[in-house]
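Dear colleague,

Please find below the structure that I am handing over to you. My findings follow directly after it, arranged by region.

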Amino acid sequence: DEMLRVVPPDPALIDEFEPGWYDEEHPFFARHAPMYRSLRERVGLTFLYTEVYIGGDRIRYILDGSVGDDHSPPGYLDSVPDADIDAVVRAQVEGTPFVSGIRQWEAWGLVKVSAAPILDRDGRIVALAGADVDIGVIRTKTRNALFAVLGVGVALLLASGLVSLWV
């Protein structure tokens, strides 16, 4: 019942999945992937995933709520930008959540990345939950909210002008 093996007392991970974990047909993925996809869409996240830091600048994706070209299959190996390595290590070792600065990614565009620890029943950190937002989405929502406020303001000015003329 484990995905990656940890060798106590050193928190180093053995960089291999247990048999069957690279298969998205595994019951674990069949049970959890639809919930991840639904949650990602409902809250408007660009990416929602779980990952495990395996040392250096490397992470392995476990479960990804993305679909299509942006989907990372289980076990997909990726690298962490140098500026975020310490934050990822603190998140996985100490349980300190982090939010990165806004960064331009070649593959994904302008994105803000965050991660928080996933704990097992005994309170041990077993992975990280990552949630990323495309800053373009934030800018669009901010612009839409600004136009809505502007529209309400103009409507109120017109209404108050009409009331003033009537009075």
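**Findings**

In the hairpin formed by strand 3 and strand 4, two residues lie between the strands, and Gly56 adopts a positive phi near 60°. Please note that the model is a predicted one.

**Overall composition**

The protein contains three helices and eight strands. Read from the N terminus, its elements follow the order β-β-α-β-β-β-α-β-β-β-α. Of its 167 residues, 32% count as buried. The accessible surface comes to about 10600 Å², and carbon and sulfur atoms hold 60% of that area. Among contacts with a separation of 6 or more, 39% are between residues 24 or more positions apart.

Six strands make up an open sheet with antiparallel pairing, in the order 5-4-3-8-7-6. Strand 5 (77-79) and strand 6 stand at its edges; each has a single partner strand, so one side of each has no neighbour in the sheet. From one strand to the next, the twist averages 40°.

Strand 3 is antiparallel to strand 4, and six bridges join the two. Within this pairing, Tyr53 stands opposite Ile59 of strand 4. Strand 3 is also joined to strand 8, by five bridges and again in the antiparallel sense; here Glu51 faces Leu128 of strand 8. Eight of the nine residues of strand 3 are buried, so the strand is largely enclosed by the rest of the structure.

Further along the sheet, nine bridges pair strand 7 with strand 8 (residues 125-134) in the antiparallel sense. One example is Ser114, whose bridge partner in strand 8 is Ala131. Strand 6 (residues 98-105) and strand 7 (residues 109-119) also run antiparallel and are joined by six bridges, among which Arg103 has Val111 of strand 7 as its partner.

Helix 3 (residues 135-166) lies across strand 6, strand 7 and strand 8, and runs at about 50° to strand 8.

**Nonpolar cores**

Which residues have the most contacts inside the largest nonpolar core? They are Val88 and Phe98, in a core of 16 residues. Two or more residues of this core come from each of strand 3 (47-55), strand 4 (58-64), helix 2 (85-93), strand 6 and strand 7. Helix 2 gives the most, with four residues.

Leaving out residues up to four places away in sequence, Val88 touches Tyr53, Val80, Phe98 and Leu128.

**Aromatic residues**

A search of the whole structure finds two aromatic pairs. One of them is formed by Tyr49 and Tyr61 in an edge-to-face arrangement, with 5.4 Å from centre to centre and 80° between the planes. This pair links distant parts of the chain, as Tyr49 belongs to strand 3 and Tyr61 to strand 4, twelve residues apart.

Ring pairs join Tyr49, Tyr61 and Tyr76 into a cluster. Are its members buried or exposed? Tyr49 has a relative accessible area of 5% and is therefore buried. Tyr61, at 8%, is buried as well. Tyr76 has a relative accessible area of 40%, so this residue counts as partly exposed. The cut-offs behind these assignments are under 20% for buried and over 50% for exposed, with partly exposed in between.

Tyr76 is located in the loop between strand 4 and strand 5. Apart from its neighbours within four places in sequence, Tyr76 is in contact with Ile59, Arg60 and Tyr61. Tyr76 and Ile62 are 14 residues apart in sequence, while their C-alpha atoms are 7.7 Å apart in space.

With kind regards

Methods. Residues numbered from 1 in each chain as written. Predicted model: local features only at pLDDT ≥ 70, side-chain atom pairs only at ≥ 80, totals over all residues. Heavy atoms only, no water. Pairing = 2+ DSSP bridges. Axes fitted to C-alpha atoms, helices over the stretch in contact; angles between N-to-C directions. Contact = heavy atoms within 4.5 Å. Core = buried A, V, L, I, M, F, W, Y, C linked by side-chain atoms within 4.5 Å. Buried < 20%, exposed > 50% of the residue type's maximum accessible area, 1.4 Å probe, protein only. Phe/Tyr/Trp six-rings, centres within 6.5 Å; stacked < 30°, edge-to-face > 60°. Areas by Shrake-Rupley, 256 points an atom, 1.4 Å probe, with all protein chains shown as cover.
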